[in-house]
Amino acid sequence: MPISHNLGFPPLGVARELKRATEGYWSGKVSLPDLLKTGAELRERHWRLQRDAGIDLIPSNDFSYYDRMLDMCALLGAVPKRYGWSGGPVDLDTYFAMARGVQSGGRDLTAMEMTKWFDTNYHYIVPEFEPAQAFRLSSTKPVDEFQEAKALGIETKPVLIGPVTFLLLGKARTARFDRLTLLDALLPVYADVLGRLATAGTTWVQLDEPCLALDRTPAERAAFVRAYRFLAERAPKVKLLVATYFAALDDNLATALELPVAGLHVDAVRAAAAGRLDALLQGWPAGGGREGKVLSLGVIDGRNIWKEDLGVALRQLEDGLERAGAAQLWVAPSCSLLHVPIDLDREQRLDSELKGWLAFAKQKLVEVATLTRGLRDGRESVAAQLEANARALAGRRISRRIHNPAVKQRARGVTEHDMRRTSPHAERRKKQLRLPLFPTTTIGSFPQTAEVRAARKKLHDGKLTPAEYDAFIAEQITRTLKLQEELGLDVLVHGEFERNDMVEYFGEQLDGFAFTEHGWVQSYGSRYVKPPIIYGDVSRPRAMTVRWSTFAQSKTARPVKGMLTGPVTILQWSFVRDDQPRAETAKQLALAIRDEVKDLEAAGIRVIQIDEPALREGLPLRRAEWPAYLEWAVNAFRLATAGVSEATQIHTHMCYSEFNDVIRVIEKMDADVISIENARSGSELLEAFKEYRYPNEIGPGVYDIHSPRVPSTAEIVQALKRMQEVLSDRQIWVNPDCGLKTRGWEETLPSLRNLVQAARQLRPVRAPTGATS
């Protein structure tokens, strides 16, 4: 009989209870017992919600206080030596030090690197490995949470990151070596965990191996087979479900079928979108093969918020049922529901028409349960649900609010000329800002304090008039400009105090967007965002940033950057309409941003930064699909920025992605200056510049803003000297890794003071004032 299951549930809580508890613990306002109590309450609530939605097999150990990859580091004893861990259970303070760094009690420890989880906006902590590394079981979390659910009368399926994916996503911080050589040392610890789960009464364990859906070498494929043969032999009492997601298995299907495991989960949403689901089903052995292997089809999109076409999904499942057999077919979301908000029922701000097109995590689970019932009992048993679903989808297709003929016509008229600056960077630079060597700046935002957030809430609640709020924002901007002048920064920013979020702020001023009140998703740790919903054609009815940018420039003689979010990032960090190609929506966004760039220039803003932190994360997971994506993504950025004169300096910013893959593509974007995350990665990015001479100017970050620690002047000087080994002095800008929104003033000011001092130490005694030459 087909069963329903879930791969993972968002841990944050509908009211972001986990954020308040963890940040309260970090600040000393919440005790450890109270933090753990909040975690237990959230787990119970989420297990019961999934059971009530009709899910047969519910995950456990998908809850995390910060990140599941970090959880695995703690479980497996993969704790870098600098944290002083001496063995035994990894305590929560060591765990958080690994995630955030620590600078107190005589300790000054940097955080572990953080980067994007495949092609999502979620960030994971990158494991650090060294040759001949030892692993040991150092946490009881998977067993504890399984038993916790069992005590509530809920049988769960514990979830672990699989061993091969864990190694492939890690990095060597010292000498480079093949991480898979650590597999033999790692597997016995996995087997120990599985054995303990079996003793606790576990039947199924889910091992997430998303790396199996990517391009893999023969040696890597062999590692998957070797790993699961070992686990099957050492832990025969548990049934293993290997979960792949985010891409079709394609040429890895044979490897996946060779694994001696009880079940395999595949992302049917991504496979169908790529036109490869039929091939997957045809390649599946009838009846699950000799072993009766379970096929789990992820037919409900775990990455977007639109209602699924249940009729289409049910047909896919019926095809799967024909291949796998009734006892071997499971129904699930495509991936963990970590990437979508929790409950649409809480949304009162969305109008009924738009709300009728959507499904959040809770609603997606109901869709899974509905499809499972349709398989078990026949289509007639869910006829009413199928009819209501079809009616909602038909209403969306014909809704007038989706289509704007003028927007479509303008997009069709874009030419190559619209995407090209009038001269190359070397010529433009002569007409742009005259700055000292190693010019200093920040990325955009300054600390959004409790006072700033309170003022925004008062405006929202009607307790502050718009005029009073504007006066407050003007005061914040003026104060921050003065602080930047006192610090000695060369290019200033206004601080973005009026902005709630770097994507939501723009979406609120563009046509074709809608917004939620409680649609939070996790970006990293305790950082949550509310992605806008792009439901229709996008256009800009009026200027969005000119007012505050010109106000800021009027308060100082130093250049102030106009700050915008780029079209690809707005696309990537929104829930995007699925009824037209993403490239088309990106072009519409680019035209809207282009209008804003030209208005800023006309208002006298000489430096304009268009942030594209998400451009790399949007890369398809299969390299064969990269060229098509990169063409439209780079063209979108160029379309947004190419309408300005040579004298206007265009900056962009990227953070926390594997840039070495696309460093040559970055040149094609033709930004005058690019700032890139670099502090956490140990200057790994700079290795790319040893072989590739980037021609424009670049600011590799020297201050990790995702950690509370303050970098010293000497530390920053050393980072800059490493840059001098691969970049010319005229190319180097000095800046933090990212915006300072999440930091406090008590960390920000000394960090920036050290940053400015470091830049000055590297400047010649009589530094020329020519344009960074």
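A charge counts as sitting over a ring when NZ of Lys or CZ of Arg is within 6 Å of the ring centre and within 35 degrees of the ring normal. By that test, the charged end of R16 sits over the ring of W520, 3.7 Å from its centre. R303 does likewise with F246, with its charged end 4.9 Å from the ring centre.

Some housekeeping before going on. This is a predicted model, so local features need pLDDT of at least 70 and side-chain atom pairs count only at pLDDT 80 or more, while totals for chains, interfaces and linings use all residues. Residues are numbered from 1 along each chain as its sequence is written, and side-chain values use heavy atoms, with hydrogens and water left out.

Rings of Phe, Tyr and Trp (its six-membered ring) pair if their centres lie within 6.5 Å; planes under 30 degrees apart are stacked, over 60 edge-to-face, and the rest tilted. The whole structure has 17 aromatic pairs. W548 is buried at 10%, whereas F551 is partly exposed at 21%. Elsewhere, ring pairs link Y25, W26, Y66, Y95 and F96 into a cluster.

Now for the charges. Taking a salt bridge as a side-chain nitrogen of Lys or Arg within 4 Å of a carboxyl oxygen of Asp or Glu, the count comes to 54. E145 and R43 make one of these, at 3.8 Å from N to O. This pair links distant parts of the chain, with E145 in helix α5 (residues 141-151) and R43 in helix α2 (residues 32-52), 102 residues apart. E145 is buried at 4% relative accessible area, and R43 is buried at 8%. They also belong to a network of salt bridges that links R43, D71, K141, E145 and E148. For contrast, look at E387 and R391, whose closest N and O atoms are 3.6 Å apart. Both lie in helix α15 (residues 383-398), four residues apart, and E387 is exposed at 51%, as is R391 at 52%.

A cavity is a set of points on a 1 Å grid over the protein atoms alone where a 1.4 Å probe fits but cannot get out, and its lining residues have an atom within 4 Å of a point. Of its 34 lining residues, M502, R527, W573, C738 and G739 are the closest to the centre. β19 gives the most to this lining, with three residues. The second largest cavity has a volume of about 210 Å³; R68, W117, Y122, S336 and L338 are the closest to its centre among 20 lining residues.

Key: 1 Å grid on protein atoms, 1.4 Å probe; cavity = no way out; pocket = protein on both sides within 12 Å on 5 of 7 lines; lining within 4 Å. Helix = DSSP H or I, 4+ residues; strand = E, 2+ residues; numbered from the N terminus. Points joined across faces, edges and corners; volume = space filled by probe spheres on them. Buried < 20%, exposed > 50% of the residue type's maximum accessible area, 1.4 Å probe, protein only.
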